[in-house]
Amino acid sequence: MFTDLFKDKIFNAWVIPALLTGVSSSLVQGSERLFESLSAVGAALLILLPVYLLKGIAAGDVKLFMSAASFLSVSDTLSCILISFLIAGAISVAVIIFKRNKQKTIHFAVPVLVSVLFVMGGVL
């Protein structure tokens with residue numbers, strides 16, 4: 001999130017090891033958990049790839065979500081995607097109202113982090 005905020009980039013050096021760690025840890029937990037992890041990563045890719053192709057989010061955001069999904073179940077991943085888009089929408093409305101700048105992009109890593117914390121923390 002910090003590199004997205006301060007450098008406008010999500011580095012592969014952060015997300016690829018995280019993805020590999022999530023998949024590796026699920027492998028240790030058994031084949032059922034490995035399938036769940038890979039399914040969650042695939043679901044994140046299938047849902048977010050069209051959004052990326054329509055220029056709704058950047059490629060780093062897709063990779064970040066896939067990394068987070070490797071630690072989650074499919075249902076938790078879907079919840080995180082929905083929550084993060086709702087948070088991003090609220091941030092966008094606030095930016096439009098307070099800054100009156102319709103061309104401003106938001107850093108999607110912030111809604112991703114908040115949604116993962118809510119879902120993992122059991123809030124949602």
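This is a predicted model: local features need pLDDT of at least 70, side-chain atom pairs count only at pLDDT 80 or more; totals for chains, interfaces and linings use all residues.
Me: What counts as a helix here?
Reply: Helices are DSSP runs of H or I with at least four residues, and strands are runs of E with at least two. Both are numbered from the N terminus.

Me: Start with H5. What span should helix H5 have, and how far apart are its ends?
Reply: H5 covers residues 74-99, which is 26 residues. At 1.5 Å a residue it should span 38 Å. The expected span is 1.5 Å times one less than the number of residues. The end C-alpha atoms of H5 are 36 Å apart, which agrees.

Me: Which residues of H5 are buried?
Reply: Thr77, Cys80, Ile81, Ile83, Ser84, Ile87, Ala88 and Val95. Buried means under 20% relative accessible area, exposed means over 50%, and partly exposed is in between (1.4 Å probe, protein chains only).

Me: What do they pack against?
Reply: Helix H3 (31-53), helix H4 (59-69) and helix H6 (109-120).

Me: Pick one. What does Ser84 touch?
Reply: Ser84 sits in H5 and is buried, with a relative accessible area of 0%. Not counting residues up to four places away in sequence, Ser84 touches Phe65, Phe108, Pro111, Val112 and Ser115. Contact means heavy atoms within 4.5 Å.

Me: Now H3 and H5. At what angle do they pack?
Reply: About 30°, with their axes 8 Å apart. Axes are lines fitted to C-alpha atoms, for helices over the stretch in contact, and angles run from 0 to 180 degrees between N-to-C directions.

Me: Why give both an angle and a distance?
Reply: Two packed helices are described by the angle between their axes and the distance between the axes.

Me: Are H3 and H5 roughly parallel or roughly antiparallel?
Reply: H3 and H5 are roughly parallel to each other. Angles under 35 degrees count as roughly parallel, over 145 as roughly antiparallel, 65 to 115 as roughly perpendicular, and the rest as oblique.

Me: Which residues meet there?
Reply: From H3, Glu36, Ser39, Ala40, Ala43, Ala44, Ile47, Leu48 and Val51. They meet Val74, Thr77, Leu78, Ile81 and Phe85 in H5. The residues of this contact divide into ten nonpolar, two polar and one charged. Ala, Val, Leu, Ile, Met, Phe, Trp, Tyr, Cys and Pro count as nonpolar, Asp, Glu, Lys and Arg as charged, and the others, Gly among them, as polar.

Me: On to H4. How many of its residues are buried?
Reply: Eight of the eleven, so H4 is largely enclosed by the rest of the structure. The buried residues are Gly60, Asp61, Val62, Phe65, Met66, Ser67, Ala68 and Ala69.

Me: What covers them?
Reply: The cover includes H1, H2, H3, H5 and H6.

Me: How do H4 and H6 pack?
Reply: At an angle of about 15°, with axes 10 Å apart. H4 and H6 are therefore roughly parallel to each other. Asp61, Leu64, Phe65 and Ala68 in H4 meet Ala109, Val112, Ser115 and Val116 in H6. That contact divides into six nonpolar, one polar and one charged.

Me: Loops next. What is the phi of Lys55?
Reply: Phi of Lys55 is near 65°, a positive value in a residue other than glycine. Lys55 lies in the loop between H3 and H4. Its relative accessible area is 75%, so Lys55 is exposed.

Me: Where is Asp8?
Reply: Asp8 is in the loop between helix H1 (2-7) and helix H2 (12-29). Asp8 has a positive phi of about 55° although it is not a glycine. Asp8 counts as exposed, at 57% relative accessibility.

Me: And Ser26, buried or exposed?
Reply: Ser26 is buried, with a relative accessible area of 0%. Its place is in helix H2. Leaving aside neighbours within four places in sequence, Ser26 is in contact with Arg33, Leu34 and Ser37.

Key:
Residues are numbered from 1 along each chain as its sequence is written. Side-chain values use heavy atoms; hydrogens and water are left out.
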